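This report looks at selected parts of a structure, from recorded sites to domains, strands and ring pairs. The sequence and the structure come before the discussion.

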There are 2 protein chains.
Amino acid sequence: MKPIQAGLLGLGTVGGGVFDVLRRNQDEISRRAGRGIQITMVAARDVARAQSLVGPDVQVLGDASAIIANPDIAIVIELIGGCGIAKTLVLEAIAAGKHVVTANKALLAVHGSEIFAAASARGVMVAFEAAVAGGIPIIKALREGLTANRIQWLAGIINGTTNFILSEMRSQGRDFDVVLEEAQRLGYAEADPGFDIQGVDAAHKLTLMSAIAFGIPVQFDKAHVEGITALATADIRYAEQLGYRIKLLGITKRVDKGVELRVHPCLVPAKRLIANVEGAMNAVVVQGDAVGTTLYYGKGAGAEPTASAVIADLVDIARLHTADPEHRVPHLAFQPHTLADAMDALPVLPMSEVVTSYYLRLRVADQAGVLAQVTGLLAEAGVSIDAVLQREADEVGGAGSAQTDLIILTHDTREGTMDAVMARMQALTTVLAPITRLRKEALN
Amino acid sequence: MKPIQAGLLGLGTVGGGVFDVLRRNQDEISRRAGRGIQITMVAARDVARAQSLVGPDVQVLGDASAIIANPDIAIVIELIGGCGIAKTLVLEAIAAGKHVVTANKALLAVHGSEIFAAASARGVMVAFEAAVAGGIPIIKALREGLTANRIQWLAGIINGTTNFILSEMRSQGRDFDVVLEEAQRLGYAEADPGFDIQGVDAAHKLTLMSAIAFGIPVQFDKAHVEGITALATADIRYAEQLGYRIKLLGITKRVDKGVELRVHPCLVPAKRLIANVEGAMNAVVVQGDAVGTTLYYGKGAGAEPTASAVIADLVDIARLHTADPEHRVPHLAFQPHTLADAMDALPVLPMSEVVTSYYLRLRVADQAGVLAQVTGLLAEAGVSIDAVLQREADEVGGAGSAQTDLIILTHDTREGTMDAVMARMQALTTVLAPITRLRKEALN
């Protein structure tokens, strides 16, 4: 059988990785796929540089549209990134009847509904394993491997940069700013790390996983997004003393009223496997009603791990492109016509409706009655307490002004309730600084 | 589209689970699959009991062959187990042009070549996600998710019974026999636990994973199989002191001369995620050249976790059965015509050719020069030492006969070399008991 031909748009780090792995493992891959898969055309801004990288057998153009239009090209691999020209080209490829493989989480999380609808109408596939958790085949696990299950929740470390920073903050006891600089120097964080450290990248990936887990459309605009920039080493230390690790988690949960969709730092029991995922690694825990708890772990970024996912998608397309569209794996795991109803039945809940447990750190005056005041307010609001840790007082403001940290772990509470009681606690004259509030999940 | 109809052979624990999950989640599953999947016929020994379990809508027969022959049945689910009647029925189903889903690791590890050849010739699928690691979609990950990779090695905790026993031996400090009895009482071990505790069940599963990882035929007869019956709590304790956990691992590795295929207790660094997989849980670590290290974790047994895998296979078949056989995922991941050549290029190595590192425990006389004798023999054989742990002497045989345990960790050594040097050490008059030898893997 003739090799299937793909056109690669964008020859950056990941694009180069795809090209290298496909060439290096071409025998192995075609023994699996039953036919060869070749990248015969590449679009790049710097044509001369790209040509020198891919060699003379591959046609390099500055014009991506010419590649899309080429009748020999069956699959378009979009590795440009972002929601600008990448969106235009993906839609152009779909309109031209080409299958698309992309690693572009931002594009799909924000414009997925439009893109998947266009692809379904045109009868082509848009594959995106590489958009979430790099080389870990988590999209395939959710869409196919766990297809028997009613998924109850999933939680993931899906941003390597922030996990690297948190691991270093904990193991070295150093502050966020210092570790971020180190991460940038080592190449674990980009020069502009905003999307990573503010949780936006994780929220893009979580949005995609939430859609395929629950059969709802992508709804990035409804995600609660919180990063790690405000996280203090003191909280990492206190959490550890209480038997927890702090991780930036993307969490999505099916509850009675709808779906929770949230990215934020989170305390996780130290004995959970996911709490022990260190450095730039990724992991996703998925809870299904039949399978129970499963976990998927691996490198979440990098040229070759991401290439591993891109090429898996290419092989899937090589296998499935001759099948009727109705027999293919649906883009968002569930048949497209069922998504709208599911969105009504499972609305994304506002953060105030989320139920979770909490870690609170209060800087308080070291005087009699403070603990009673604080716990009294919690009791009045119906918030039950799981554990309290009171530190030795330390003298910070001279004689008579001893202060201390009061750490409280709560049981499950509605976030709206917690917001209200926190406002009342904050108003106490004995509470001397803004209260730190982190969420906590058992993940069992 | 009309539901696809399946016939279920065997309504034991797993069969009941498949039936329950398929009924409970039928809406969710058909929203994913694009069509319903129904079990319309069941074969069971006790027809009346089975009929009361599945209800009046399902036809229950004592004669499995009648179900296979029924023209409405497109898929046969074999959950009888073993290599007797199950083999006959699977081959009968294939001959009748039916797709087969099975959880039968023993059957496929031993007779896989015959069964897959028959299925390929008849153009039907034999799906076996449930045969390895219960609900963890590891077959799909290896055959599809990691298809870009040259797999270098994989190592798995793929038998829950033995992992439960090892976890209890470590945490409770109790002996194998005591824990085995408890496991039997709790239902974690069968009344006849032989296949589990002797490593045979793990070797069946490893044989299947090795074939799909490296593109070689199943060769169960060439696997090295060692169980946990001889494992002493003392070794678990010493390993812990040295920073290791002992797990029963199935390991298969691609090396220059061929493929290692072995099941045995193994020291693993305590900081690895897989070392922290406790109780009856399963996990598999896979190392690919592009993706790096990935890990898959979940329940390896039980009615509903196994049902999760069986139903995932049913959905895959519902999707792929209209595609040409050449466009389906090959049974053993690689195109069948390539397997024989691969077997020649990658023979399964005899254990004497395996290279690994070792943990040795020697019961020695507590007298000057013993350590020098022992390490001298290792040096002569070219075995280099990673660490030595010498215990305080204890008086066991009365005055003058003090004995002690000498624990040695080696660097990588060929097993044949180790066998020879162990024989020489054993012959020393100062070595007072049979030497304990365990293998050790870094898994990084």
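In what follows, two residues are in contact when heavy atoms of theirs lie within 4.5 Å. The model described here is a predicted one.

An unreviewed UniProt entry lists Leu9(A), Gly10(A), Leu11(A), Gly12(A), Thr13(A), Val14(A), Gly15(A) and Gly16(A) under "binding site". Of these positions, Leu9(A) belongs to strand β1 of chain A, which covers residues 4-9, while Gly15(A) has its place in helix α1 of chain A, covering residues 13-24.

Is Leu9(A) buried or exposed? Because buried is the term for a relative accessible area under 20%, Leu9(A), with a value of 0%, is buried. Gly15(A) is likewise counted as buried, at 1% relative accessibility. When neighbours within four places in sequence are left aside, Leu9(A) has contacts with Ala43(A), Ala64(A), Ile67(A), Ile68(A), Val76(A), Ile77(A), Glu78(A), Leu79(A), Ile80(A) and Leu89(A). For Gly15(A), with residues up to four places away in sequence not counted, the residues touched are Leu8(A), Gly10(A) and Leu79(A).

## A second recorded position

The record also has Glu190(A) as "binding site", again in an unreviewed UniProt entry. Glu190(A) is located in the loop of chain A between α9 (176-186) and α10 (194-197). With a relative accessible area of 51%, Glu190(A) is exposed, because the term exposed applies to values over 50%. Apart from residues up to four places away in sequence, Glu190(A) touches Gln184(A) and Asp196(A).

The domain assignment divides chain A into domain 1 (4-137 + 304-339), domain 2 (145-300 + 343-351) and domain 3 (354-440). Between the C-alpha centres of domain 1 and domain 3 of chain A there is a distance of 51 Å.

Strand β18 of chain A, made up of residues 436-440, is mostly covered, with four of its five residues buried. Which strands pair with β18(A)? Strand β10 of chain A (residues 259-269) runs parallel to β18(A) and is joined to it by two bridges, and in β18(A) it is Lys440(A) that stands opposite Leu267(A). Strand β13 of chain A (residues 355-365) pairs with β18(A) in the antiparallel sense, over five bridges, and here Tyr358(A) has Arg439(A) in β18(A) as its bridge partner.

## The open sheet of chain B

In chain B, six strands form an open sheet with parallel pairing, in the order β3-β2-β1-β4-β5-β6. The edge strands of this sheet are β3 (59-61) and β6 (126-127) of chain B, each of which pairs on one side only.

## Aromatic rings and charges over rings

Over all chains, the count of aromatic pairs comes to five. The rings of Phe116(A) and Phe128(A) have centres 5.6 Å apart and planes at 40°, so this pair is classed as tilted. The pair links distant parts of the chain, since Phe116(A) is in helix α6 of chain A (residues 105-122) and Phe128(A) is in the loop of chain A between β6 (126-127) and α7 (138-145), 12 residues apart. Both Phe116(A) and Phe128(A) are buried.

In chain A, Arg237(A) lies over the face of Tyr238(A), 5.8 Å from the ring centre. In chain B, the charged end of Arg237(B) sits over the ring of Tyr238(B), 5.8 Å from its centre.

Lys299(A) is part of strand β12 of chain A, residues 292-299, and is partly exposed, with a relative accessible area of 37%. Lys299(A) and Ala283(A) are 16 residues apart in sequence, and the distance between them is 8.5 Å, C-alpha to C-alpha.

Which residues does Lys299(A) touch, not counting residues up to four places away in sequence? In chain A, Lys299(A) touches Ala133(A), Gly134(A), Gly135(A), Ile136(A), Met281(A) and Pro305(A), and in chain B, Val291(B), Gly292(B) and Thr293(B).

Definitions and conventions:
Residues are numbered from 1 along each chain as its sequence is written. Chains are lettered from A and ligands numbered from 1 in the order in which they are written. This is a predicted model: local features need pLDDT of at least 70, side-chain atom pairs count only at pLDDT 80 or more; totals for chains, interfaces and linings use all residues. Side-chain values use heavy atoms; hydrogens and water are left out. UniProt positions are given in the numbering used here, feature names are shortened, and annotations may be inferred rather than shown by experiment. Buried means under 20% relative accessible area, exposed over 50%, partly exposed in between (1.4 Å probe, protein chains only). Two strands pair if DSSP finds at least two bridges between them. Domain bounds come from an automatic or database domain assignment. Rings of Phe, Tyr and Trp (its six-membered ring) pair if their centres lie within 6.5 Å; planes under 30 degrees apart count as stacked, over 60 as edge-to-face and the rest as tilted. A charge sits over a ring if NZ of Lys or CZ of Arg is within 6 Å of the ring centre and within 35 degrees of the ring normal.
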